[in-house]
Structures are given as C-alpha cells and as structure tokens.
Amino acid sequence: MGKLKILHRVLGMVSTNVYLAVNEETREGFLVDPADRGDMLASWVKQEKVELKGILLTHGHFDHIGGVSELKKEFQVPVYVMEAENVVLNDSRLNLSANWGTAFTVKGDRLLGDGEIFELAGFTVQAFHTPGHTKGGACYYLQEEKTLFSGDTIFCESIGRTDLPTGNHGELVRSVKAILQKLPEDTAIYPGHEEATSVAHEKQYNPYV
C-alpha cells in the first residue's frame, strides 16, 4: 500500500487531469491520460527521476491523448487502452481532434479486455470496460493501493458527458453503478477532470447512482 505516490498536473484546453503514478520503492511509474504538451510531461517524468514503463488511456478523446506521440518517441513505452476504444483513437473525428484544431490519431499497443489484469511498474492493475462516455471507456483499478483512475466515467458527484461520438447515457449510468458496487468503499477515485473523490462519497452523493 505504501509504495504508490500519485503526482498530478492539469493540462490542455479543457483542464484534463494527468496522473504520474510512481512506485516509490523502484522509481518506476506510468502516466494516465497524457493530455497535452508531451515535451513538458517528458521533462516532468525525468525531473521526478521516474523510469516510465507505460501509458494508460482511459479513453480516446483528444484532451486525454494529446501528449502520447511525443512521449512514445521519448520513452518507447507501450500505450494501454481498452480494445473497443481503438476505433476512437484511430479516427480524428471520433477522438474530436479534427474539431479542435489539428487532427491527429494515436495507436494503442496493448489492447485490453474487460477485467484484464496486468503488471505495470510493480503494480497489479485491473482494467474495467466502462462504456458510455465513449464505447471503449476504461477505469484502471489498483486493488492493493485502493486506487481507481476513472477518466471521464465518474467525476466527483457527477458522470461524464454522453453527447459526443460513441457516447450513450444509459450505458454510462450502468457502468458507473456497476463499478461503484464492485469496489470497496475506501477506494480513492482519480477522475479525468476536477477533484478526486472516493467510492463511499459517490455512493452517497452521486445523483446518477
């Protein structure tokens, strides 16, 4: 439990949370949703003396993937994403980058299935498929560390938008209810925007549950 340290930056035109998860025993780590400014994120990783082992994407919208290409060039690490989301990553209209300036796409290296468990930077990570904000949205759960990276599935007392390509409101509400039922109440939730929360808080105060 004591070996995880979560560092945090807010980047990009819609203030996306970027997380650097660090294993304090080994100084290995991974990034969650490198939103923008890959050059700045690369400097941040080096400044923290972290050996980057991978990049986790909760979904494929432009405001969560803008720094990926530069980071991959710098560190040659794999990008983990839910298999169902690869279509969004690979289409600049679906990932919305075509609407917001420069159209770009990103390729996932490790395509994950629902519930898949993998090791990264000395942590055991479980990927949950949580469709609704996008068709291949994912939350990443570190059971031992009591931590969930929820992307735009769950926010503090709210949920993600469903009016964007591949979104579905009913699906998202089902995803949110399912994941909150599945996880222990003392699990900390680190969302894609705004402040952190917990499973207990969302069970009590999220109007969609």
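Is tyrosine 190 buried, partly exposed or exposed? Tyrosine 190 is partly exposed, because its relative accessible area is 22%. Here, buried means under 20% relative accessible area, exposed means over 50%, and partly exposed lies in between (1.4 Å probe, protein chains only). The model is predicted: local features need pLDDT of at least 70, side-chain atom pairs count only at pLDDT 80 or more, and totals for chains, interfaces and linings use all residues. Residues are numbered from 1 along each chain as its sequence is written, and side-chain values use heavy atoms, with hydrogens and water left out.

Aromatic contacts were examined next. A search of the whole structure finds 7 aromatic pairs. Rings of Phe, Tyr and Trp (its six-membered ring) pair if their centres lie within 6.5 Å; planes under 30 degrees apart count as stacked, over 60 as edge-to-face and the rest as tilted. The ring centres of tyrosine 19 and phenylalanine 149 are 5.5 Å apart, and their planes stand at 45 degrees, so this pair is tilted. Distant parts of the chain are linked by the pair: tyrosine 19 belongs to strand S2 (residues 16-23), phenylalanine 149 to strand S10 (residues 147-151), and 130 residues separate them. Helices (H or I, at least four residues) and strands (E, at least two) are DSSP runs, numbered from the N terminus. Tyrosine 19 is buried, at 4% relative accessibility. Phenylalanine 149 is also buried, with a relative accessible area of 0%.

Tyrosine 19 also pairs with tyrosine 190, edge-to-face, at 5.5 Å centre to centre and 75 degrees between the planes. Here strand S2 is linked to strand S13 (residues 188-191), which holds tyrosine 190, across 171 residues. Ring pairs join Tyr19, Phe30, Phe123, Phe149 and Tyr190 into a cluster.

Charged side chains form 11 salt bridges in the structure. Each is a side-chain nitrogen of Lys or Arg within 4 Å of a carboxyl oxygen of Asp or Glu. One of them joins glutamate 116 to arginine 110 (3.1 Å, N to O). Glutamate 116 is partly exposed at 24% relative accessibility, and arginine 110 is partly exposed at 32%. Another joins arginine 161 to aspartate 163 (2.9 Å, N to O). Arginine 161 is partly exposed at 48%, whereas aspartate 163 is exposed at 56%.

Glutamate 185 and lysine 203 also meet in a salt bridge (3.5 Å, N to O). Glutamate 185 sits in the loop between helix H5 (169-182) and S13, lysine 203 in helix H6 (residues 199-205), 18 residues apart. Glutamate 185 is partly exposed at 46%, as is lysine 203 at 28%. Shared partners join Glu28, Glu51 and Lys53 into one salt-bridge network.
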